[in-house]
Amino acid sequence: MENSFETLIASYIENKVGISQHFLSDELANHLKENLLSLHHNNKLLTAGTGNADKLIHNTAIRNDVIYWLDKKNNNAHENAFFVQIEAFIDYLNISCYAGITGYEFHYSLYETGSFYRKHLDQFQDNSSRQFSMISYLNANWQENDGGELLIHQLDNDQKISPTQGKTVFFKSNELVHEVLVTNERRMSITGWLKRD
């Protein structure tokens, strides 16, 4: 587990985007995907918006995915296993990089064919608690023509990242403008933020 943590941090230090190809095991990724699809089948996912609290805006020209917030109160064994891994990573990050992370929030995200999320920053203008963004992908056998890549914009090196199962991406929430390109297949992930309150 610590090898994937170190890979994530080392690649982040190198180019501001951390990537671990196997942050999630196939077993855990498959269980999380099954749970996400069950929630979707039971109409538990909600249309995603932009902004926070009373400033939440739903605009399908900006984003058109659906989401479901993970919560320990759900008492789902596989979500709890995911939380255990995130908490272990936070401990590792705080010890090795003095990051000062005190909390986190994560949601499932499902993009149906034709869905996207236009260019944006993850940190709110009126709330700086989100320090790092993390996305873990749940898409087995993803092919290049399936689309749906995460495109991270940098001055000298735009980076296009395929949403392949088990992969996790990690970057500063207030630094990098990014977008989800149009997907040609159903695309699933767990997206969230490490926070300093």
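Predicted model: local features only at pLDDT ≥ 70, side-chain atom pairs only at ≥ 80, totals over all residues.
1. What Lys172 does have is a polar contact: its side chain and that of Gln131 are joined at 3.4 Å. Setting aside neighbours within four places in sequence, Lys172 touches Tyr12, Gln131 and Phe132.

2. On to the charged pairs. Side chains of opposite charge can pair when their charged atoms come close. The count of salt bridges in this model comes to five. One of them joins Lys72 and Glu87, with the closest N and O atoms 2.6 Å apart. Lys72 is in the loop between β3 (66–69) and α3 (77–97) while Glu87 is in helix α3, so the pair ties together parts that are 15 residues apart in sequence. Both partners are partly exposed: Lys72 has 46% relative accessibility, and Glu87 has 27%.

3. Arg130 has a salt bridge too, this time to Glu105, where the closest N and O atoms are 3.0 Å apart. Because Arg130 lies in strand β6 (residues 130–137) and Glu105 in strand β4 (residues 103–111), this pair ties together parts 25 residues apart in sequence. Is Arg130 buried or exposed? It is buried, at a relative accessible area of 9%.

4. Then there's Arg186 with Glu112, a salt bridge whose closest N and O atoms are 2.9 Å apart. This one links distant parts of the chain, 74 residues apart: Arg186 is in the loop between β10 (177–180) and β11 (187–195), and Glu112 is in the loop between β4 and β5 (117–120). Arg186 is partly exposed, with a relative accessible area of 34%, and Glu112 also counts as partly exposed, at 30%. Elsewhere, salt bridges with shared partners join Glu105, Arg130 and Lys195 into one network.

5. Lys119 belongs to strand β5. At 55% relative accessibility it counts as exposed. Leaving out neighbours within four places in sequence, Lys119 is in contact with His153, Val177, His178 and Glu179.

6. Last, helix α2 (residues 26–41). Its 16 residues reach 22 Å from first C-alpha to last, close to the 22 Å expected at 1.5 Å a residue. The buried residues of α2 are Leu28, Ala29, Leu32, Lys33, Asn35, Leu36 and Leu39. Seen down the helix axis, they fall within an arc of 160°, so they line one face of α2. On the other side, Asp26, Glu27, Glu34 and His41 are exposed.

7. What do the buried residues of α2 pack against? Their partners are β3, α3, β4 and β11. Just after α2, Asn43 takes a positive phi of about 60°.

How values were computed
Residues numbered from 1 in each chain as written. Heavy atoms only, no water. Polar contact = N/O pair within 3.5 Å; in protein donor to acceptor, adjacent residues only side chain to side chain. Contact = heavy atoms within 4.5 Å. Salt bridge = Lys/Arg side-chain N within 4 Å of Asp/Glu carboxyl O. Helix = DSSP H or I, 4+ residues; strand = E, 2+ residues; numbered from the N terminus. Buried < 20%, exposed > 50% of the residue type's maximum accessible area, 1.4 Å probe, protein only. Expected span 1.5 Å × (residues − 1). Arc of directions from axis to C-beta.
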